[in-house]
Amino acid sequence: MTKTKGLLVMDVDSTLILEEGIDILGEKAGVGAKVADITERAMRGELDFEAALRERVGLLKGLPESIFDDVLAEIHFTPGAKELVDELHTRGIKVGLVSGGFHETVDVLADRLGIDYVQANRLEVDNGQLTGRVLGFIVTKSVKLQKLQDWAVENDLAMSQTIAMGDGANDL
């Protein structure tokens with residue numbers, strides 16, 4: 001087995017993909033402008049990410065679980081994303097995703113690209129509908145850092161052999 005030569009860990013929304021998944025969910029719930037405003041303020045660091053996420057998820061209560069198929073149909077990879085992942089894999093570099101978004105979409109995107117690691121939030125579903133709550137812990141910037149460190153240790157990599165990529169305050 002060839003030794004892993006490096007690790008790229010990246011955000012998903014507005015980094016790996018062009019869109020913000022939660023904003024698409026907000027549009028589907030009829031509260032798109034409100035969700036987008038909260039997202040924008042959280043990305044600028046004006047709001048606590050965890051509180052902002054809980055508030056936005058609360059607005060999604062009652063959406064059918066099948067909504068994720070609709071969301072995935074509206075998501076586009078950032079140009080060059082697939083080529084980047086393929087090239088990194090060719091060079092022995094693993095790729096991980098750490099997202100304040102949701103496993104319900106991020107896992108599908110990761111599978112499409114052959115991503116090595118994924119950490120995201122999970123939405124609670126009851127009787128086929130979103131409850132407006134997040135299950136378990138929320139992926140914050142400290143969780144993103146911890147996953148970068150964990151995956152580096154797992155692959156016997158120094159931090160100098162890693163790259164972190166993101167677009168907002170939750171990625172610092």
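Predicted model: local features only at pLDDT ≥ 70, side-chain atom pairs only at ≥ 80, totals over all residues.
Strand E5 spans residues 162-165, and its pairing with E1 is parallel, with four bridges between the two. Val 9 also has a bridge partner in strand E2, namely Gly 96. Strand E2 covers residues 93-102 and runs parallel to E1, to which it is joined by five bridges.

Strand E1 comprises residues 6-10, and five of the five are buried, so the strand is largely enclosed by the rest of the structure. In a regular strand, side chains alternate between the two faces of the sheet. In E1, Gly 6, Leu 8 and Met 10 point one way, whereas Leu 7 and Val 9 point the other way; all are buried.

The largest nonpolar core contains 36 residues, and Leu 16, Leu 25, Leu 53 and Leu 97 have the most contacts inside it. Apart from this core lies another, made up of eight residues, including Leu 7, Val 9, Val 98 and Leu 157. With residues up to four places away in sequence left out of the count, Leu 97 touches Met 10, Val 12, Leu 16, Val 106, Ala 110, Ile 115, Tyr 117, Val 118, Gln 119 and Trp 151.

The largest pocket holds about 150 Å³ of space. Its lining consists of Ala 42, Gly 45, Leu 47, Asp 48, Phe 49, Glu 50, Thr 140, Lys 141, Ala 169 and Asn 170. By class, four of these lining residues are nonpolar, three are polar and three are charged.

Notes. Residues numbered from 1 in each chain as written. Heavy atoms only, no water. Core = buried A, V, L, I, M, F, W, Y, C linked by side-chain atoms within 4.5 Å. Buried < 20%, exposed > 50% of the residue type's maximum accessible area, 1.4 Å probe, protein only. Contact = heavy atoms within 4.5 Å. Pairing = 2+ DSSP bridges. 1 Å grid on protein atoms, 1.4 Å probe; cavity = no way out; pocket = protein on both sides within 12 Å on 5 of 7 lines; lining within 4 Å. Points joined across faces, edges and corners; volume = space filled by probe spheres on them. Nonpolar A, V, L, I, M, F, W, Y, C, P; charged D, E, K, R; others polar.
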